[in-house]
Amino acid sequence: MSLRSRRNSAALLSVLLLAGCHREERHNEPKPFNASIKAGESPPTIIPGGGSPSPLDPRAADYDNNAPALAEGQFLYTRMNCVGCHAHGGGGMGPALMDDKWRYGGRIDQIAATIAEGRPNGMPAWRGKLTEDQIWKLAAYVRSLSGQPSKDAVSSRADEMSSTEPQTLTRREPVKNADTAGR
Amino acid sequence: MASCNRNPSDSSNPAAEQPDAPHAIAPADASPPDDGNWVMPGKDYASTRFSGLTDLTPGNVRGLGVAFTFSTATTHGYEAPPLVVDGTMYLITPYPNNLYALDLTKPGAPQKWVFKPEPAAASQGVACCGTVNRGAVYSNGRIIFNTLDGQTIAVDAKSGSQIWRTQLADIQKGETITMAPLVADGKVLVGDSGGEMGVRGWLTALDEATGKIAWKAFHSGPDKDALIGSRFKPFYPMDRGQDLGVKTWPNGMWKLGGGPMWGWISYEPSTRTIFYGTGNPGPWNADQRPGDNKWTTGVFARDVSNGDALWFYQTTPHDIYDHDDINESILADIPWGSGRRPVLLRPARNGFFYVIDRRTGQVLSATPYGYMNGYKGVDLKTGRIAINPEKEPKSGRVARNICPAAPGMKDWNPSAFSPVTGLVYIPHHNLCMDESVSQANYIAGTPFVGADVKMYGGPGGYRGVVTAWDPIARRAVWEVHEDLPLWSPALATAGGLVFYGTLDGWFKALDARTGKLLWQFKTGSGIIGQPISYRGPDGRQYVAVVAGVGGWAGGIVDGELDPRDPTAALGFANAVKDLPGKTTPGGMLYVFALPQK
């Protein structure tokens, strides 16, 4: 490969990076606060005295729509036995995660809080067992089970051999309240 | 003492009156004459689920109507039977395991009291297959029952006040308790659930008076832990040897090996022997546990007084399909030569109907009672089941169209045995599955499975069957096909009827001799509860059942699971995708009687 073509490749790469190829970003250092992130979708919550919901945790930017984070989250989902309760999104011992219902909020920071702190009807508390980074990767993957991230960030292959569909075909669900009468 | 009153409307056990019957009968010591009560889920120690009442017959059952109802205030799977003791009915609900007493002597059966044990809510997260409870038991003026978070509690049957409570299971290790205790010889027998959570299974006996642990037998590990000693005489060489509960596992895996006991125990008073089966080994991925995995998936006979193991027969060594062997063991005496032979009748989850000598553990016959391709047969010389290697799930390949599926030919829901007809009425499935396995990772308090399963209906276009099985001729006398899988137990009556419920809420009465549908009633929710029959304070025969869909089969409804993932509910959701469109959750007692004359 000539020096010139290498330069050309480098130029092409920088163009791609400028185009914002966030799906391939790997984060080894903390990032500054990014105030431009949207609040993220969650079922309506009562804000005492009125006002808007608390802003999305800025760490969301590092995990949402990020392919390496989603891939590692997918790996952890199996290895930490999430799959044993929630199956591949359809649920079992635990609720379904691929539908449009969220008991404790569907924002990535809310899901991360659920994983970290547990919930009273049997969701285990993983704080201290997993790192915060791992918990956020899991949260990103959990959101992907209902098709929230963009399709170029999720894996087109399932880790398991069953006939579940690849995530690139997962329908994106709206984010609603759970019917708590059911479970 | 057997009643000498031959009045057909009187409560008496016809079995005791026909010792010469050419078919199976129940032993008199384990199946006394019917007194009109229903004090334990199996009806009697022989686990017949047979009512000796004869007021209801094929001729008049068409007139059956609702006498009263009661809401259980629950929306989860209701598997327990009502109990009836001298004019009071007792209901034990799924989590939160509330115990209700209803006064049958008053119109509408008003509530007398409710006892709320308040089990830990977190226990719901480690219950594999619904937050179910399979029943309470009455003994010596007390109601005794288990809670999902692993306690056994004795309550005064008159006042509803607590007498003792003992914590037995640890939800931090994935242990729950869903089974109904059995009280025999002053002992309360209790086992754990958690075969999908890497528990080490056990059966324990509590002193009935105090709730203190009398003995505890583990279903894996060294012989001393399994209460295996000099009295242990298994019939087959494959079940003999020292510390097989250690040696038949890879290094140390017996500590996580499952073999819980969440099903049914029978008792023979004359020999003071209990009979029960053990649950599946863990994890489901059998590649991780080469060996026979004793003492999982087999049948134990034990001395009730100290737990000593007398014999064991492993129906499914190295179980590869989650074929727990916790199903009911019906005590029966069958014609044999010029006399009778004492046996267990066991419609097993693996699909074989076993007739086992209950003194020795010898298998007299093992016959498939539905469509099967996962096994090739049982060798009666060695006792060993033959697996069809084509259907064995192995790392790196998906095994397809395995029949029966993981819930087996029949799951926990017990059959009923009529000593009048000599037939066993088996409510069961016709389900097959695809299964792939992967490395399971043990983390205490989380599932330990390592398998993806997808179930669907078996050949023939129906998913449920009621089979009337002749254990002597080893064949079905009749079959009734049901569209949906059957998760409801059966009840047989001396009047010649068989009752059961469907997942979409039909409560049905069949003619015990022909299987003809004689009566049906649509309840408010799918039925997985155990039907019973009793004589009310007014002298009339009643039939009772609690509707309330859920459990493993109905989890798609009460757990709002999403069947777009075929592996939801460990693969069961795929087989009942249509169920959410056919029923809704909600526990409700229904009591039926003929119109008052």
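Residues are numbered from 1 along each chain as its sequence is written, while chains are lettered from A and ligands numbered from 1 in the order in which they are written. Because the model is predicted, local features need a pLDDT of at least 70 and side-chain atom pairs count only at pLDDT 80 or more, whereas totals for chains, interfaces and linings use all residues.

The pLDDT, which is the predictor's confidence in each residue on a scale from 0 to 100, averages 80 over chain A, where 73% of the residues score at least 70. Helices (DSSP runs of H or I, at least four residues) and strands (runs of E, at least two) are numbered from the N terminus. Within chain A, the lowest confidence belongs to helix α1 (residues 3–18), with a mean of 52, and the highest to helix α4 (residues 82–86), at 97. Over residues 30–39 of chain A the pLDDT is below 50, and this stretch has 12 contacts in the model beyond near neighbours in sequence; two residues are in contact if their C-beta atoms, placed from the backbone, lie within 7 Å.

Helix α6 of chain A, which covers residues 132–144, contains A:Ala139. The 13 residues of α6(A) should span 18 Å at 1.5 Å a residue, and the end C-alpha atoms are 19 Å apart, which agrees; the expected span is 1.5 Å times one less than the number of residues. A residue is called buried if 20 or more other C-beta atoms lie within 10 Å of its own, exposed if 12 or fewer do, and partly exposed in between, with C-beta atoms placed from the backbone. By this criterion α6(A) is mostly covered, with 10 of its 13 residues buried, among them A:Ile135, A:Trp136, A:Leu138 and A:Val142. These buried residues pack against α2 (60–63), α3 (67–79) and α5 (108–117) of chain A. A:Ala139 itself is buried, with 26 other C-beta atoms within 10 Å. When residues up to four places away in sequence are not counted, A:Ala139 touches A:Tyr63, A:Ile108, A:Ile111, A:Ala112 and A:Ile115. One of these, A:Tyr63, is 76 residues from A:Ala139 along the chain, yet their C-alpha atoms are separated by 8.5 Å.

A nonpolar core is a set of buried Ala, Val, Leu, Ile, Met, Phe, Trp, Tyr and Cys residues joined through C-beta atoms within 7 Å. The largest such core has 223 residues, and those with the most contacts inside it are A:Ala139, B:Tyr90, B:Ala136, B:Tyr425 and B:Val498. Helix α6(A) gives the most to this core, with seven residues.

In chain B, strand β27 (residues 423–429) is mostly covered, since seven of its seven residues are buried. B:Leu423, B:Tyr425, B:Pro427 and B:His429 point one way from β27(B), whereas B:Val424, B:Ile426 and B:His428 point the other way. Two strands are taken to pair if DSSP finds at least two bridges between them. Strand β26 (residues 416–418) of chain B pairs with β27(B) in the antiparallel sense over three bridges, and B:Ser418 has B:Leu423 as its bridge partner. The hairpin of these two strands has four residues between them, and in it B:Gly422 takes a positive phi near 75°. Strand β30 (residues 464–470) of chain B also pairs with β27(B) in the antiparallel sense, over six bridges, with B:Thr467 as the bridge partner of B:Ile426.

Strand β28 (residues 431–437) of chain B holds B:Asp434, which counts as buried with 23 C-beta neighbours inside 10 Å. B:Asp434 touches B:Val398, B:Ala399, B:Arg400 and B:Lys454, residues up to four places away in sequence not being counted.

An open sheet of five strands in chain B has the order β1-β32-β33-β34-β35, with mixed pairing. Strands β1 (50–51) and β35 (517–522) of chain B stand at its edges, each with a single partner strand, so one side of each is left without a neighbour in the sheet. Two bridges join β1(B) to β32(B) (residues 491–493), and the two strands run parallel; here B:Ser51 stands opposite B:Thr493.

Between the chains, 31 residues of chain A are in contact with 35 residues of chain B. The chain A side divides into 12 nonpolar, 14 polar and five charged residues, where Ala, Val, Leu, Ile, Met, Phe, Trp, Tyr, Cys and Pro count as nonpolar, Asp, Glu, Lys and Arg as charged, and the others, Gly among them, as polar.
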